[in-house]
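Please read it with the structure open beside you.

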Amino acid sequence: MQDSYWYKDAVFYEVYVRAFFDSNADGHGDLPGLLQKLDYLQALGVDCLWLMPVYPSPLKDDGYDIASYYGIQPVFGSLDDFKELVEAAHARGIRIIMDLVLNHTSDQHPWFQLARSDPNSPYRDYYVWSDSDQHYKDARIIFLDTEKSNWTWDEVAGQYYWHRFYASQPDLNYDNPAVQAEMINVAKFWLDLGIDGFRADAIPYLFEREGTNCENLPETHAYLKQLRSYVERHYPGRILLCEANQWPQDVRPYFGEGDEFHMGFHFPVMPRIFMSIHMGDRTPLAWILEHTPEIPSSCQWCTFLRNHDELTLEMVTEEERQWMWQVYAPEPRMRLNLGIRRRLAPLLDYDRRRIELANSLLFTLPGSPILYYGDEIGMGDNIWLTDRNGVRTPMQWNDGPNAGFSQATPNLLYTPVIEDPISGPEVVNVARQQADAGSLLNLIRRMIALRKQHPAFGRGSFAWLQNDCEAVAAFQRALPEDSLWCFHNLSAEAQSVPLPEHPGQALYDLFTGRVLPPSAGQLDLEPYQYVWLCLQQV
Ligand code: BGC
């Protein structure tokens, strides 16, 4: 675990601890439960876990509403459990990053309670207060379906307070140096416990300035650079991953000159993978990659197909959004805010070919991929649950009671296990897929293993391989010592594409072991087929 650029090759896995495995039969997944499942994650081959928030919280936004930064939500376990988990993960060569929620706290946080009840408390200025709700009018509302304003009147304080998310999540005031220092201390506390970094939540919104949209402000960048420099000085090798749901040119500054974030999610590439697959046309994908700027060589994009939130459609045009809703969220219940609250497998109609194709793009495009728990077995969703809860149901380990997730009586589960004939645990579960060599789980494991054998996936250059067939996304990933050609037939029809000249080199198919000779001039692709070829000197 010595390489300080480890994150460039890593495969990440997002864990919703509450959903993963319940060790004490109380109906909630917990840290000791996750610890018991490390063998599973090791066998899958993932390098780094991203834990969704595990801090004490009233759970009005599933832990993104933090009531104390220095502890563990009791139903998830204790700090000792956490330490044990980190140690056990490291012993298996698995790293752990956590959410660092900088922008806001829960309204239950003692800072907010003290702030609202006493105008003279030093904590008053930890939050953003006003006598009027007319400031910062240019800041958009993010949780459009629930919030009418970014200001909420607080009876106790007799003032409005500012919040970019739920009203129960007041924004911290980063103009206050005490807040800036507090959050560095929070980072220190967890890094001292040995974690490998943070996914920094909702970072575009730290500062507010009149006359701006209050996103990506220079003051925000200046603070984040301070955070980075602190981490760099005291914890080299640990990473900061930026959650900024923005266009690539606006995310670019979050990498700075290699002195702000190590990694940043590439939000807009995600919906375009779905667009390209539905259209059978690489154009949307090609367009966004063309509009993705270079990043410093020490930095890396983070790519994903799905996560714990709605599939966000903020980074598409209005027309594209309407189209995406029409094709991927035909029922109103499937929509939330500016997005789609569904999981990967149901989005792709449980069609194994398209699920594999999407994963192949995830694993071969530039960036380090993040898998969302359960997507490796093709778990379904429950659109009858509210908010984003339908994509946060218990992990399906086997076809036993509660899908093997918990021994509690079902009415105690934090949320019901999926029940449907296509994606319920009788059909979709880990045990069954472990026993089936041809399962999605084993295929994903294979993709991860192949990716790890080929450093060009994480660190290589990217170039399109020219062909006139828009249904095929073909590109090269290359390092001087490792050259790969990846082909994706995005369409439901068979396609045939010319192979670029490759004199003196055979093409080795990483999945089948088939070898195409230097003279091979064409590649035939079945509907939705993907092929990873490695160039080998003959
Ligand atoms: C997280 C969400 C959360 C929000 C507010 C995000 O971007 O991914 O799940 O609701 O931040 O913390």
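Predicted model: local features only at pLDDT ≥ 70, side-chain atom pairs only at ≥ 80, totals over all residues.

1. The ligand sits in the largest cavity, and 13 residues lie around the ligand, of which Asp61, His104, Asp201, Glu243 and Asp309 come nearest.

2. In aspartate 309, an N or O atom of the side chain is 2.5 Å from an oxygen atom of the ligand, while in glutamate 243 a polar side-chain atom lies 2.6 Å from a ligand oxygen. For arginine 199, the distance between an N or O atom of its side chain and an oxygen atom of the ligand is 3.0 Å. Taken on its own, the ligand has 310 Å² of accessible area, and the protein covers 96% of this.

3. Turning to the cysteines, the count of disulfides comes to zero, where a pair of cysteine sulfur atoms would have to be within 2.5 Å to be counted. Cysteine 469 is in no disulfide, and the nearest cysteine sulfur, which belongs to cysteine 486, is 17 Å away. Cysteine 469 has a relative accessibility of 18% and therefore counts as buried, the limit being under 20%.

4. Cysteine 486 is likewise in no disulfide, its nearest cysteine sulfur being that of cysteine 534 at 10 Å. With a relative accessible area of 0%, cysteine 486 is buried.

Terms used. Residues numbered from 1 in each chain as written. Heavy atoms only, no water. Near = heavy atom within 4 Å. Polar contact = N/O pair within 3.5 Å; in protein donor to acceptor, adjacent residues only side chain to side chain. Areas by Shrake-Rupley, 256 points an atom, 1.4 Å probe, with all protein chains shown as cover. 1 Å grid on protein atoms, 1.4 Å probe; cavity = no way out; pocket = protein on both sides within 12 Å on 5 of 7 lines; lining within 4 Å. Sits in = over half its atoms within 2 Å of the grid points. Buried < 20%, exposed > 50% of the residue type's maximum accessible area, 1.4 Å probe, protein only.
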